[in-house]
Every structure is written in C-alpha cells, then in structure tokens.
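Subject: A structure for you to look at

Hi there,

Here is the structure I promised to pass on. Have a look at it first, and then read my notes below.

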Amino acid sequence: MSKNVVLKMDNVSKGFAKIETDEVTNALNQVSATMKSGEFISLVGPSGCGKSTILRLIAGLIQPTTGTITIDDKPVGEPGPDRGLMFQKATLFPWLTVWDNVAFSLRMQGKLKGNEDKVENMINVIGLKDFRDDYPGQLSGGMAQRVALVRCLINEPDILLLDEPLGALDAFTRMNMQDEILKIWQRRQQLAIMVTHDVDEAIYMGTRVLVMDAHPGRVISDITIDLPMPRDRSSREFVAYRNDILNKLHFGGTSKAEEA
Ligand SMILES: Nc1ncnc2c1ncn2[C@@H]1O[C@H](COP(=O)(O)OP(=O)(O)OP(=O)(O)O)[C@@H](O)[C@H]1O
Ligand SMILES: [Mg+2]
C-alpha cells in the first residue's frame with residue numbers, strides 16, 4: 001500500500017506569456033479539486049484545455065500563477081519520488097537497454113540491489129521479456145511507451161501522474177495495458193491521475209472523470225463513476241456515462257438520437 005495522501009487544488013490558475021506578443025495564454029482558470037489516495041482520476045477535454053499543465057503543476061515542474069496546490073496541507077515542492085510523472089511524449093534513454101531504462105531510477109536511488117526481480121517482473125508484465133536487452137531505437141512506438149510507463153510505475157509513487165500513457169498503443173494492447181495499470185493501482189491504492197483522449201478509457205479506468213474545456217482551461221464537470229470494476233463497456237450504465245461525457249465535450253448526438 002502507498003502512503004495515504006490528500007491532494008488539494010484551490011483556485012489554481014496558470015498563465016503563460018506568449019513570446020511574440022504581450023498576451024498571456026490562460027492555460028488554466030480557477031481550478032479547484034480534492035483528490036485522495038485510492039482514487040483513479042481521469043482527465044478528459046479538448047486539446048489545449050490544460051490537462052498536461054495540471055499534471056506538470058502537481059509534479060512541481062511549474063508553479064501556479066495564482067492559487068495553491070497542497071499535498072496533506074503542505075504546498076507541493078520540487079519534483080520528488082512521491083510523485084511519478086509519465087510525460088505525454090515519453091522519452092527513454094537511447095543509450096540504455098530496456099532493462100536498464102526500467103531499472104534507472106532504482107539504480108539512481110541506490111535501491112536496485114535486491115530489486116532486480118521487480119525490474120524483471122515489470123518487463124514481463126508489459127510483454128517485453130524478449131526485448132530486455134534491446135535499445136529504444138529498436139522498439140516500436142507502442143513498445144517504447146510501455147517501457148516508459150513501467151519506468152514510472154517501478155518507483156511506486158504515492159501520486160501517479162500519467163499523460164496519455166497508452167496513446168501510442170493498438171486497441172488490443174491498449175485494453176490489456178488498461179487492466180495492468182488498474183491491477184497495480186488496485187494493489188497499491190495510490191492516487192492516480194491520468195489524461196486520456198479516449199472517453200471509454202476514462203470511464204473504464206476512472207473512479208472519477210474530470211471533464212475540462214478550453215479558453216480558458218477549466219474543469220466543467222466532476223463525475224463519479226459509480227460502477228464496480230472490472231467494468232462492462234457495453235452495459236447500459238456505461239453507455240449512459242459515455243453519452244453524458246460526450247455531450248459535455250460538445251460531441252452529443254447519440255443520446256439525443258436515443259431519446260427520439
Ligand atoms: N510552456 C508553455 N509556454 C507557453 N504556453 C504553454 C506552455 N505550456 C502550455 N502552454 C499553453 O497552455 C495551454 C494548455 O496546454 P496543455 O499542454 O496543458 O494542454 P493539453 O490539454 O494537455 O492539450 P493536449 O490534449 O493537446 O495535450 C495551451 O494553449 C498551450 O499552448
Ligand atoms: Mg497534453
């Protein structure tokens with residue numbers, strides 16, 4: 001089990017100055033949310049609505065312009081091993097093999113000795129046993145993404161920040177990896193926050209779905225997914241959540257057709 005934490009975003013806004021003009025991009029506008037260990041939060045919303053910005057703020061890579069982010073009532077500080085961020089454009093160390101990429105942070109923290117089995121196990125979970133000695137340049141995009149994912153999971157952070165972790169995967173591998181991530185999360189009960197463009201994935205994995213909108217970036221809806229796991233993607237309740245979220249994202253239509 002991971003440490004129990006409460007993450008609070010209180011009226012968080014983030015502006016980015018544009019380089020060419022004096023204008024400021026309002027990347028996030030007054031976002032407030034409380035998230036706890038044991039929750040799996042899915043973030044969905046159009047491109048540019050501030051999803052990655054939220055993860056980078058929580059990771060401590062950037063600071064809010066106004067508002068506060070606290071973990072257990074303490075302001076989030078510098079990036080640390082308590083928060084693991086998997087970047088949207090995952091990059092591996094090209095000079096290290098798959099095995100050494102996965103083992104990297106354990107080695108850096110002097111924790112690799114005695115944990116070699118864990119590295120091995122993680123590589124098996126993502127189905128890359130036969131590629132453990134290959135270099136990133138020899139992997140497909142989807143394989144590299146799976147390595148980046150376990151490189152983040154292996155640290156067992158209290159807060160897991162995943163930015164479109166499965167975006168480069170084919171549909172079947174993607175569904176398998178959704179279940180693998182859920183298994184790890186269910187075992188460790190950490191707080192997971194995942195960005196996805198896939199509404200079904202958001203509902204399938206999330207205990208809550210935060211729906212965002214752009215200009216300015218903000219949270220427009222906070223939906224608790226009240227369905228037991230594993231979820232049936234074709235159940236009536238699941239489809240109802242999907243229609244509701246698609247409507248909020250302005251892609252409604254299905255539910256209207258059903259009502260007619
Ligand atoms: N470092 C930066 N400098 C200037 N503007 C930025 C910076 N980072 C993000 N932005 C702007 O902030 C807004 C939100 O960006 P963000 O990357 O959080 O969006 P997103 O929701 O993750 O989008 P996507 O789905 O395309 O990944 C965008 O308008 C983007 O151009
Ligand atoms: Mg993004």
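What follows is a short tour of the sheet, the ligand site and the core.

Please keep in mind that this is a predicted model.

Let's start with the sheet. It is an open one made of 4 strands, in the order E2-E1-E4-E5, and the pairing is antiparallel. E2 and strand E5 (74-75) each have a single partner strand, so they stand at the edges and one side of each has no neighbour in the sheet. In general, the strands of a sheet are held in pairs by backbone hydrogen bonds. Strand E1 (residues 6-17) is joined to E2 in the antiparallel sense over 9 bridges. To find one of these pairs by eye, look for Lys-8, whose bridge partner in E2 is Thr-34.

Next, the ligand. Which residues come nearest to ligand 1? Of the 13 around it, they are Phe-16, Ala-27, Ser-47, Ser-52 and Thr-53. Strand E2 (24-36) and helix H1 (51-59) each supply at least two residues of this shell, and H1 gives the most, with 3 residues. By class, the shell has 9 polar, 3 nonpolar and 1 charged residues.

Finally, the core. The largest nonpolar core has 67 residues, and Ala-192 is among those with the most contacts inside it, as are Leu-43 and Ile-58. Helix H4 (residues 141-153) gives the most to this core, with 8 residues. Leaving out residues up to four places away in sequence, Ala-192 touches Phe-40, Ile-41, Leu-160, Leu-162 and Trp-185.

Enjoy exploring!

Best wishes

Conventions
Residues numbered from 1 in each chain as written. Chains lettered and ligands numbered in written order. Predicted model: local features only at pLDDT ≥ 70, side-chain atom pairs only at ≥ 80, totals over all residues. Near = placed C-beta within 6 Å. Nonpolar A, V, L, I, M, F, W, Y, C, P; charged D, E, K, R; others polar. Core = buried A, V, L, I, M, F, W, Y, C linked by C-beta atoms within 7 Å. Buried ≥ 20, exposed ≤ 12 C-beta atoms within 10 Å, placed from the backbone. Contact = placed C-beta atoms within 7 Å. Pairing = 2+ DSSP bridges.
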